[in-house]
Amino acid sequence: MSAVKRKMNASANESEAKKPKSNGSITSFFGAPKPKPVDASAPAPAVKFDKQKWVDDLTAEQKELLKLEIETLDNSWLAHLKDEITTKEFLELKKFLDRETAAGKKWFPPKEDVYSWSRHTPFNNVKVVIVGQDPYHNVNQAHGMAFSVRPPTPAPPSLKNMYIALKKDYPAFVPPPNKGGLLTPWADRGVLMLNTCLTVRAHEANSHANRGWERFTQKVIDLVAQKRTRGVVFMAWGTPAGKRVQKVDKSRHLILQSVHPSPLSASRGFFDCGHFKAANEWLVTRYGDDGEIDWALTPNTSTKKALPLVAVAQAKVEPNPKTNGASSPAATPKATPIKAEEEFGSDDEEALEEALKQAEEDVKR
């Protein structure tokens with residue numbers, strides 16, 4: 001075969017190879033598309049969850065024990081927690097609550113409010129997690145969100161101290177009228193206020209400790225830390241709360257720790273912790289201006305208008321070791337300590353820890 005003919009055949013074969021096959025796809029001609037880079041900051045897609053199918057697959061006993069979860073736990077959370085609440089441990093917790101009710105023992109919050117935190121703060125809306133401890137244990141106090149109380153109940157001592165710290169971060173902050181303590185506006189803006197225990201026997205602090213709530217709420221915290229990859233601020237005040245966030249990835253999330261705002265400990269650094277402003281500065285670096293939390297609780301006011309925020313990456317402020325790296329708040333008059341009130345005994349961190357030890361002993365017996 002002549003060199004010219006060989007060259008012509010080679011050209012023909014090359015042209016034939018370039019032609020797409022009659023049953024081939026467009027990628028056969030242009031080649032497979034290059035994968036797009038993954039944006040780690042993009043929000044996670046909603047989990048596909050067929051609630052009715054899941055409910056249909058439950059046993060009759062499970063349906064009865066989990067009636068409250070099925071009816072009142074927000075679907076965005078149920079989709080992630082459905083396996084946890086069917087564990088033996090959680091079902092035993094529900095049996096315990098049924099026994100409490102059958103024995104005529106009143107417990108708080110009201111049943112319909114146990115999971116109110118999930119409905120006000122759906123999973124994909126969480127930007128801040130405030131870790132609480134035990135629900136308030138008197139009438140018309142607890143309603144399913146840490147530190148919050150419904151009107152006409154006045155703000156408990158710890159919450160009053162939180163207002164003082166907020167005022168230092170945002171001088172324009174105005175406490176709610178009538179000494180109020182309702183924090184649902186925060187919840188609606190992405191602040192998850194989660195107690196370690198979700199129920200308590202009336203007038204008996206930590207009476208439902210070590211019954212299974214701790215495992216469940218730890219699962220909630222772990223889910224947020226694992227799935228909310230864009231970044232969340234965890235506020236852990238006091239030793240018990242600090243233990244709850246020990247395993248949270250600090251390269252992905254911001255952990256703000258301080259003493260508890262209880263009257264017995266707040267004066268040891270809580271008033272000057274700067275956490276509310278530090279949280280917003282960090283959130284702006286992750287979410288842009290839309291990430292900022294408006295901490296206002298009074299109509300027609302906003303902390304967003306109080307102080308312009310500067311991204312942490314651009315802020316030229318020496319970190320304050322007492323505030324976990326947060327910039328020092330502006331100097332303000334020294335806060336007047338608030339005296340503890342008997343009716344809010346569970347606001348007292350030391351009393352809570354003592355009650356927790358007692359509860360552990362009672363369970364062992």
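Is Glu-84 buried or exposed? Glu-84 is buried, at 10% relative accessibility, where buried denotes a relative accessible area under 20%, exposed one over 50%, and partly exposed the range in between (1.4 Å probe, protein chains only). The model is predicted, and local features need pLDDT of at least 70, side-chain atom pairs count only at pLDDT 80 or more, and totals for chains, interfaces and linings use all residues. Residues are numbered from 1 along each chain as its sequence is written, and side-chain values use heavy atoms, with hydrogens and water left out.

Twelve salt bridges are found in a search of the whole structure, a salt bridge being a side-chain nitrogen of Lys or Arg within 4 Å of a carboxyl oxygen of Asp or Glu. Side chains of opposite charge can pair when their charged atoms come close. Arg-215 belongs to helix H11 (residues 213–227) and Glu-84 to the loop between helix H6 (75–81) and helix H7 (88–102), so the pair ties together parts 131 residues apart in sequence. Helices (H or I, at least four residues) and strands (E, at least two) are DSSP runs, numbered from the N terminus.

Helix H11 itself has 15 residues and reaches 21 Å from its first C-alpha to its last, close to the expected 21 Å; the expected span is 1.5 Å times one less than the number of residues. Its buried residues include Trp-213, Glu-214, Phe-216, Ile-221 and Leu-223.

Glu-92 and Lys-95 meet in a salt bridge of 3.5 Å, N to O. These two residues are three apart in helix H7, and are therefore separated by about one helical turn. Glu-92 is partly exposed at 36% relative accessibility, and Lys-95 is partly exposed at 27%. Glu-100 forms a salt bridge with Arg-201, the closest N and O atoms being 2.8 Å apart. This pair links distant parts of the chain, with Glu-100 in helix H7 and Arg-201 in strand S4 (residues 200–201), 101 residues apart. Both Arg-201 and Glu-100 are buried. A network of salt bridges links Glu-100, Lys-105, Arg-201 and Glu-204.

The UniProt record (unreviewed entry) places the feature "active site" at Asp-134; UniProt positions are given in the numbering used here, feature names are shortened, and annotations may be inferred rather than shown by experiment. Asp-134 lies in the loop between strand S2 (128–131) and helix H9 (157–169) and is buried, at 6% relative accessibility. A polar atom of the Asp-134 side chain lies 2.6 Å from the backbone nitrogen of Asn-206.

Most residues other than glycine have a negative phi, and most peptide bonds are trans. The peptide bond from Phe-108 to Pro-109 is cis, with omega near -5°, and Pro-109 is placed in the loop between strand S1 (107–108) and helix H8 (116–120). Pro-151 and Pro-152 are also joined by a cis peptide bond, with omega about 5°; Pro-152 sits in the loop between S2 and H9. Asn-178, in the loop between H9 and helix H10 (184–188), has a positive phi of about 60° and is exposed, with a relative accessible area of 74%. Asn-300 has a positive phi near 65°, lies in the loop between helix H13 (275–287) and helix H14 (349–364), and is exposed at 83% relative accessibility.

Notes
A polar contact is a pair of N or O atoms within 3.5 Å; within protein, one must be able to donate a hydrogen and the other to accept it, and residues adjacent in sequence count only if both atoms are side-chain atoms.
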